[in-house]
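Subject: Structure handover

Hello,

Please find the structure below, for you to take over. My notes on what was found follow it.

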Amino acid sequence: MLNQTYTADVLVVGGGTGGTAAAIQAARRGAKTILVSEFPWLGGMLTSAGVSVPDGNELEAFQTGLWGAFLHELRQRQPGGLDNSWVSFFSYDPRIGAEIFADWVQELPNLHWISGEVPIEVYRQDDLITGVRFADFAVTAKIILDGTELGDLLALAEIPYRWGWELQSEWGEPSAPTTFNSLTEKYPVQAPTYVVIMQDFGKAVAPEIPAAPNDNPSQFTGAWDGYGAETFLNYGRLPGSRFMINWPICGNDYGEGVGRLIESELSRGEFIQESRSHSQNFARFIQNQLGRRYGLAKKVFPHTPTAFALHPYYRESRRLVGLTTVREQDILPVAEGRVASIFNDAFALGVGGASRREASCREAIAIGNYANDHHYPGVQFPLQPKSIRWGGRWTGTPFTIPYSCLIPAAIDGFLACEKNISVSHIANGATRLQPVVMGIGQAAGMAAAMCVELNCQPRDLPIRALQTALLQDKSAKAAIIPFFNLPPNHSDWLDWQLYYLDNPQAYPVSGDCPCPSEDKSDNSTFDKDLIRESDCFKGIFYRLDQQEYRFTITSPTGYQGQNWQLVTLRSHIDQQLRAYQHEQLVTVWGRQNHFSNWLLVEHLNEG
């Protein structure tokens with residue numbers, strides 16, 4: 001029996017990365033917003049799922065919107081900085097990430113957060129979604145957003161969705177299979193991972209990790225072959241001598257019977273428990289192989305003193321059948337280019353599809369740049385390459401997310417804001433990454449609030465008004481056209497964003513905006529607040545390849561003879577590195593990451 005019915009302008013169900021961003025943005029825009037989460041932490045992949053070593057949108061020019069604001073807060077709050085692992089430039093204690101989101105929510109009096117609840121029923125009047133029922137209460141709202149980890153509202157509301165693979169014949173995706181096969185049958189979606197946090201206690205004092213059901217150490221044999229134990233552990237190293245264990249090679253990805261996640265509440269619970277046991281057995285294997293100095297970390301997550309995340313890291317969910325569908329072609333680089341096309345000829349449904357495709361070139365509302373990354377335990381699945389070398393390291397081809405892939409094909413009052421957008425199984429491998437999902441959530445929250453303001457449905461919202469609102473948001477302005485060399489604090493940033501929205505055919509295949517690289521407002525000058533003066537090194541620059549640089553230190557004397565890889569996230573530094581001569585003397589200011597053996601360059605001079 002219901003105890004209470006709340007009313008709101010905007011309801012967000014699910015406190016994951018996208019749902020949290022959507023609720024915060026909707027409330028900041030002024031909408032009366034209710035956020036209902038299953039877990040006591042907000043942030044999903046970035047926090048409660050334990051993936052506090054996120055991937056993608058790492059370059060300075062892509063650190064925009066709520067993602068950029070989140071990184072800024074992390075830098076302020078994380079003791080010792082974020083340079084702790086080699087798989088990411090951002091490694092942090094997940095408790096600090098959860099504190100940031102909780103603080104942002106607390107600052108908004110028009111945002112009501114209720115935790116510990118899951119949706120039970122969706123209220124629907126014909127083709128209009130009107131509310132959601134939970135165990136003890138219901139919420140009615142003008143716009144409802146699905147921010148659940150597995151697209152649960154799609155199923156409850158009987159909104160058409162996809163689950164699993166599409167064949168190459170459907171959309172012509174080059175990496176899609178031509179026929180269904182044993183791989184597509186065994187793994188209908190990508191394998192989740194139940195993240196566990198381990199700790200180096202410095203000596204053999206860690207409690208023994210007990211075996212969980214189905215313990216089979218042989219399945220983990222060779223997990224770090226080719227890397228070495230130390231490099232393996234430093235993959236996801238966290239502050240405080242802790243390690244995020246999220247390892248795909250003979251590790252703790254788990255996909256046995258992954259289809260159970262959407263069969264029933266009971267079968268989902270069984271899968272989750274099995275995946276948790278699998279991670280426990282992997283942690284036990286690590287301890288048995290590397291010694292009792294390594295054990296389970298304590299008091300990381302709020303539900304238990306153990307080191308297991310609140311829920312699995314889901315890489316794929318139910319996927320909306322939307323007005324348009326993002327396909328692999330929409331995330332791959334254009335011919336002889338370093339970027340995907342912002343014409344985004346996403347597959348369009350229904351009558352008027354041609355005009356919808358024509359309009360989609362101006363529908364961008366979020367950006368991403370990670371490689372297309374798929375996880376199927378024990379299987380190497382070939383994908384079309386979309387990675388490039390930049391700044392001395394690999395990064396991904398930038399792409400855009402169109403607004404219409406958040407909107408159901410025939411249902412009103414509803415938006416998707418997580419991994420549940422209208423995207424193909426293949427393209428999901430790039431759109432699922434944390435910064436992209438945060439950008440999607442921010443755009444969905446902004447759109448929901450504006451629909452309330454204009455008294456319109458999401459499909460009728462003027463897209464240019466939404467884009468302008470995102471570009472000019474006072475708290476966290478978000479890029480919607482990706483450029484390698486145009487950070488958001490550049491004085492011409494807004495003008496160039498708007499120019500390419502109006503002239504998408506002029507978007508350069510290089511991904512570089514034809515604007516001056518130096519600007520008094522873009523922090524191109526040396527910012528001593530970023531690093532300490534003691535992080536200044538003189539040495540010899542070596543060009544190993546077109547985008548691979550080594551630096552041999554000559555001073556200070558304490559570092560003399562050491563060799564470091566040079567990497568950067570800043571475009572003007574990338575230009576300098578590309579121009580320097582082999583064996584040139586240079587002075588570098590940068591932050592050392594001892595666990596990846598690189599210097600993250602913030603400033604450099606010849607000689």
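In which loop does Ser-241 lie? Ser-241 lies in the loop between strand 9 (237-238) and strand 10 (242-245). Helices here are DSSP runs of H or I with at least four residues, strands are DSSP runs of E with at least two, and both are numbered from the N terminus.

Two points on how to read the rest. This is a predicted model, in which local features need pLDDT of at least 70 and side-chain atom pairs count only at pLDDT 80 or more, while totals for chains, interfaces and linings use all residues. Residues are numbered from 1 along each chain as its sequence is written, and side-chain values use heavy atoms, with hydrogens and water left out.

Overall picture

The protein chain has 14 helices and 24 strands. Its C-alpha atoms fill a box of roughly 75 × 60 × 50 Å along the principal axes. For 607 residues, a compact globule would have a radius of gyration near 25 Å, and the 24 Å of the protein chain agrees with that. That radius is taken over C-alpha atoms, and the globule rule is 2.2 Å times the number of residues to the power 0.38.

Of the 607 residues, 60% are buried. Buried means under 20% relative accessible area, exposed means over 50%, and partly exposed is in between (1.4 Å probe, protein chains only). Among contacts between residues at least 6 apart in sequence, 74% join residues at least 24 apart; a contact means heavy atoms within 4.5 Å.

Helix packing

Helix 1 (residues 17-28) packs with helix 3 (residues 94-106) at an angle of about 25 degrees, and their axes are 10 Å apart. The axes are lines fitted to C-alpha atoms, for helices over the stretch in contact, and the angles run from 0 to 180 degrees between N-to-C directions. Helix 1 and helix 3 are therefore roughly parallel to each other. Angles under 35 degrees count as roughly parallel, over 145 as roughly antiparallel, 65 to 115 as roughly perpendicular, and the rest as oblique. The crossing of helix 1 and helix 3 is left-handed. A crossing is left-handed if the near helix is turned anticlockwise from the far one by less than a right angle, and right-handed if clockwise.

From helix 1, Thr-20, Ile-24 and Arg-28 meet Phe-101, Trp-104 and Val-105 of helix 3. By class, this contact has 4 nonpolar, 1 polar and 1 charged residues. Ala, Val, Leu, Ile, Met, Phe, Trp, Tyr, Cys and Pro count as nonpolar, Asp, Glu, Lys and Arg as charged, and the others, Gly among them, as polar.

Helix 1 also packs with helix 11 (residues 434-454), at about 35 degrees and with the axes 7 Å apart. This crossing is right-handed. The residues of helix 1 that meet helix 11 include Gly-18, Ala-22 and Gln-25, and those on the helix 11 side include Val-437, Gly-441 and Met-446. The contact has 7 nonpolar, 7 polar and no charged residues.

Helix 11 in turn comes within 10 Å of helix 12 (residues 463-471), axis to axis, and the two cross at roughly 120 degrees. That makes helix 11 oblique to helix 12. Helix 11 passes helix 12 in a right-handed crossing. Gln-442, Ala-443, Met-446, Ala-447 and Met-450 of helix 11 make the contact with Ala-465, Leu-466, Ala-469 and Leu-470 of helix 12. By class there are 8 nonpolar, 1 polar and no charged residues.

Two buried strand residues

Thr-33 is in strand 2 (residues 33-37) and counts as buried at 1% relative accessibility. Leu-111 is 78 residues away from Thr-33 in sequence, yet the C-alpha atoms are 4.8 Å apart. Beyond its neighbours within four places in sequence, Thr-33 has contacts that include Val-10, Ala-23 and His-112.

Val-132, in strand 5 (residues 128-133), is buried with a relative accessible area of 0%. Residues touching Val-132, not counting those up to four places away in sequence, include Leu-11, Pro-119, Tyr-123 and Leu-153.

Backbone details

A cis peptide bond joins Ser-555 and Pro-556, with omega about 5 degrees. Pro-556 is in the loop between strand 21 (548-555) and strand 22 (563-567).

Ser-241 has a phi near 55 degrees, a positive value in a residue other than glycine, and is partly exposed at 31% relative accessible area. For Asn-597, phi is near 60 degrees, also positive in a residue other than glycine. Asn-597 is in the loop between strand 23 (584-593) and strand 24 (598-606) and is partly exposed at 39%.

Regards
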